[in-house]
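Subject: Structure handover

Hello,

Here is the structure I promised to pass on. Please open it first, then read the notes below.

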Amino acid sequence: MTLTSIYALLSHPDLKNIRFDQDLFSEALSPFNQIFMEPKSLSEVVSFIKKLVKNRHIEENMKTITKGVSKHRKDENSTFNVDLKDNELKKVAFKRKKITSLKNRDTDCATGLPIITWTSIKAANEKPHIYQTVKAAALDGSFVCNPYHIQISNRHFRYPVFQQKQNFNMMLVLDISNSVKWVLKFMAKIISMLTSDARAAEDKLGLIIFNDDRAQVMHYPTTNIRHVIGTINTLAPSGKTPLADGLKLAMQTLEHSRFQVTGMSNAIVLLSDCFPEPITNEHEDPMDEPVCQQILHVCDKIRDNKFKLLVLNPSLSDLPHYDQQLGFKLGKKAAERADGNFLNLVGHPSGSFFAKDDDFVLPDQMLKELMKEVGEFRN
């Protein structure tokens with residue numbers, strides 16, 4: 001009899017023949033009470049239940065906004081997992097070589113280094129550049145119009161002056177406050193790219209973190225990149241975000257005489273959601289907050305010291321209108337005030353069937369933009 005009834009329901013999904021005794025549900029506080037107030041078809045019951053389950057799923061996985069970043073369920077003891085693989089180094093080195101080659105394709109640059117100017121002083125075994133030599137003679141007025149010809153003498157010969165290889169003392173200011181714990185996975189990928197680039201370029205890399213709500217130097221610039229990564233992989237998000245203190249400490253570190261070395265440039269890389277603390281909420285425009293103005297003031301000093309600044313601002317794709325959030329605005333404005341570079345790196349759901357709700361990754365296009373930005377930042 002039961003099987004026959006089930007078969008009848010399945011055979012006639014639009015027939016309103018589902019009835020229940022109301023007394024069975026009168027005492028229970030259940031969302032199913034309203035379903036059986038009147039006869040329903042199987043299609044209506046299924047549709048109602050699907051809607052109910054969907055709404056419940058959304059409620060259980062409610063995302064709250066914490067300092068502009070979507071807050072997903074996450075193990076609070078999560079740490080970074082940065083890896084420095086040899087194949088990553090090869091990719092970075094190959095990309096750098098390819099970019100340099102394209103830049104100098106039209107300059108006949110045998111050294112692979114960019115040409116910064118032209119000179120009449122000949123270096124050892126250096127040949128004059130034909131176009132620049134003819135141009136110098138023409139500008140000097142050393143030509144005859146009828147018939148037209150250019151009279152070139154020794155003083156018109158032009159030789160290239162190549163830019164010397166530029167290495168960096170680089171301070172990585174890493175935001176490990178509570179507000180970034182939701183983007184750890186692809187932040188680790190960003191750090192891996194940065195450290196691989198630093199190692200391939202033989203730069204020195206230092207590390208500043210926010211610990212106990214204050215900025216702290218974990219490493220002064222060093223060529224031991226793996227040591228820096230080892231420290232990063234022990235870090236777990238906690239505390240607040242004293243951004244101004246972190247940038248100021250990085251600047252003060254690089255101002256030290258030991259890092260004022262000929263042939264070395266100084267640079268600061270800020271990896272943060274750029275939501276500073278504490279916020280007073282006493283200003284209509286959050287950019288007028290004292291902590292924001294402190295950051296911009298430090299960026300003015302970074303510009304005056306001719307230090308390079310790169311602001312990398314991670315966010316998640318499920319956060320609408322992120323470009324209107326304080327983190328995006330402040331990060332971009334800070335880079336502008338320091339004559340630096342800004343890049344917003346957007347993480348997307350991993351798309352894996354086995355992924356958790358909080359699994360976000362950087363798509364390949366974002367990784368390419370990161371590599372391009374780092375390359376332009378270095379030049």
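At what angle do helix 7 and helix 8 pack, and how far apart are their axes? The angle is about 15°, and the axes are 8 Å apart. Helices here are DSSP runs of H or I with at least four residues, strands are runs of E with at least two, and both are numbered from the N terminus. Axes are lines fitted to C-alpha atoms, for helices over the stretch in contact, and angles run from 0 to 180 degrees between N-to-C directions.

Two points on the source. This is a predicted model: local features need pLDDT of at least 70, side-chain atom pairs count only at pLDDT 80 or more, and totals for chains, interfaces and linings use all residues. Residues are numbered from 1 along each chain as its sequence is written, and side-chain values use heavy atoms, with hydrogens and water left out.

Helix packing

Back to helix 7 and helix 8 (residues 290-304). Their angle makes them roughly parallel to each other. The cut-offs: under 35 degrees is roughly parallel, over 145 roughly antiparallel, 65 to 115 roughly perpendicular, and the rest oblique. The crossing of this pair is left-handed. That means the near helix is turned anticlockwise from the far one by less than a right angle; clockwise would be right-handed.

Helix 8 also packs with helix 9 (residues 326-337). Their axes come within 8 Å and cross at roughly 25°. This pair, too, is therefore roughly parallel. The crossing of helix 8 and helix 9 is right-handed.

Helix 5 (residues 184-200) and helix 6 (residues 225-232) pack at about 165°, with axes 10 Å apart. Helix 5 is therefore roughly antiparallel to helix 6. They cross in a right-handed sense.

Salt bridges

The structure holds 4 salt bridges. The criterion is a side-chain nitrogen of Lys or Arg within 4 Å of a carboxyl oxygen of Asp or Glu.

One of them ties helix 9 to helix 8. The side chains of Arg 337 and Asp 300 meet at 2.8 Å, N to O. Arg 337 is in helix 9 and Asp 300 is in helix 8, 37 residues apart. Asp 300 is buried, at 14% relative accessible area. Arg 337 is partly exposed, at 26%. Buried means under 20%, exposed over 50%, and partly exposed in between (1.4 Å probe, protein chains only).

Arg 303 and Asp 304 form another salt bridge, at 3.3 Å, N to O. Arg 303 is partly exposed at 31%, while Asp 304 is exposed at 53%. Salt bridges with shared partners join Asp 300, Arg 303, Asp 304 and Arg 337 into one network.

Arg 155 and Asp 140 also pair, at 2.8 Å, N to O. Arg 155 is in the loop between strand 5 and strand 6, and Asp 140 is in the loop between helix 4 (130-139) and strand 4 (143-145), 15 residues apart. Arg 155 is exposed at 53%. Asp 140 is partly exposed at 40%.

Surface patch

Ile 130, Val 134 and Ile 152 form a nonpolar surface patch of about 270 Å² accessible area together. Patch residues have over 30% relative accessible area and no salt bridge; like charges are joined within 9 Å, nonpolar side chains (Val, Leu, Ile, Met, Phe, Trp, Tyr) within 5 Å. Areas come from the Shrake-Rupley method with a 1.4 Å probe; for residues, only the protein chains shown count as cover. Ile 152 is in the loop between strand 5 (148-150) and strand 6 (159-162). At 42%, Ile 152 is partly exposed.

Backbone points to check

Most residues other than glycine have a negative phi, and most peptide bonds are trans. What is the phi of Cys 274? Phi is near 65°, a positive value. Cys 274 sits in the loop between strand 10 and helix 8 and is buried at 2%. Pro 278 is found in the loop between strand 10 (264-271) and helix 8. The peptide bond from Glu 277 to Pro 278 is cis, with omega near 0°.

Glu 202 has a positive phi of about 60°. Its place is the loop between helix 5 and strand 8 (204-211). Glu 202 is exposed, at 54%.

Best wishes
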